[in-house]
Amino acid sequence: MIQAVTTPTHFAEFARRIAGKPYFAATMGTHCTLFGSYPASGWCFYLLPGTAALALHGGTATLCGRLPEGEAGEEAAEELQGFLRFLRADRLLSEQQPLEGWQPEAPLLLWELPRGQRLPLPPAPPPELVLEEHPAMQPVSRLVFPDSETEQEQFYTTACTAIAHGVGCCWALQNHRTPVCTVGCYEKSQEEAYMSAGVTLPDWQGRGLAGWLIVRMANQLAERHTVRFACAPRLRPFYTRLGFTQQGMLHQYTREWDIL
């Protein structure tokens with residue numbers, strides 16, 4: 001049976017199921033801690049049969065762990081299918097393909113800098129750019145999601161909440177107080193710091209800004225955590241050149257539901 005995470009016992013079990021899982025422990029754990037008690041936030045969290053835990057936000061479902069084997073697993077998978085269909089979830093991130101009928105998309109590659117290690121810092125950005133370690137988040141939100149006010153607002157809320165609770169940080173290279181390149185860490189577990197939202201303004205791309213900013217933040221975070229982040233396969237040469245190590249992948253699936 002799918003069980004919403006609502007009690008202290010549920011929260012503890014949710015944390016146990018995702019503990020030690022690269023990507024999932026940091027992202028699902030942070031979101032559950034920050035938003036799990038506030039259904040109006042748009043985040044929902046569930047315990048599934050077996051060892052599985054589920055997070056839902058918008059149309060995206062994130063699934064960690066496994067459903068049972070055998071007949072119990074078939075029943076659990078059927079229940080989960082109906083649940084995702086009812087909620088109109090059309091994107092799924094998981095460790096494996098747990099459900100039939102979902103179409104695989106290109107996987108996300110998971111990269112790592114182990115705790116205590118450092119990477120060589122690429123050449124510094126041009127002197128007219130200033131590194132701001134506490135930038136205003138509204139301009140950063142517009143840089144990260146230039147074409148969607150809805151995504152800007154969601155990112156702004158999530159990032160500001162993480163920063164306000166001491167979980168997150170955001171850096172930006174600014175030109176006359178306008179961010180032209182940014183990267184952040186908005187999710188952490190005890191062992192892992194997960195970096196995301198690395199974006200460079202198109203007019204400033206190709207100048208090494210992102211490489212310098214990402215490595216600089218990763219080196220600082222790696223003093224206390226193993227650093228991880230995910231990217232599209234086409235960026236493999238870029239992160240290999242910077243010195244990060246690929247450590248697995250995240251599977252992505254999509255589905256169009258026939259809603260009568």
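1. Helix α4 spans residues 137–144, and its buried residues are M137, V140, S141, L143 and V144. Here, buried denotes a relative accessible area under 20%, exposed over 50% and partly exposed in between, with a 1.4 Å probe and protein chains only. Viewed down the axis of α4, the buried residues fall within an arc of 160°, so they line one face of the helix; the arc is that of the directions from the helix axis to the C-beta atoms. An α-helix has 3.6 residues a turn, so residues three or four places apart point the same way.

2. The cover over the buried residues of α4 includes α5 (149–164), β9 (169–175), β10 (178–188) and β11 (192–200). A contact means heavy atoms within 4.5 Å.

3. On the basis of the note, the model is a predicted one, in which local features need pLDDT of at least 70 and side-chain atom pairs count only at pLDDT 80 or more, while totals for chains, interfaces and linings use all residues. Residues are numbered from 1 along each chain as its sequence is written, and side-chain values use heavy atoms, with hydrogens and water left out.

4. On the overall fold, the protein contains seven helices and 13 strands; these are DSSP runs numbered from the N terminus, helices being H or I of at least four residues and strands E of at least two. Of the contacts with a separation of 6 or more, 69% are between residues 24 or more positions apart. Among the 260 residues, 47% count as buried.

5. On dimensions, a compact globule of 260 residues would have a radius of gyration near 18 Å, and the 19 Å of the protein agrees with this. The radius is taken over C-alpha atoms, and the globule rule is 2.2 Å times the number of residues to the power 0.38. Along the principal axes, the C-alpha atoms fill a box of roughly 65 × 35 × 35 Å.

6. Residue E69 is located in the loop between β4 (60–64) and α3 (70–86). With a relative accessible area of 69%, E69 is exposed. Its C-alpha atom is 8.4 Å from that of G50, although E69 and G50 are 19 residues apart in sequence.

7. H176, in the loop between β9 and β10, has a positive phi near 55° and is exposed at 74% relative accessibility. R88, in the loop between α3 and β5 (91–94), likewise has a positive phi, near 60°.
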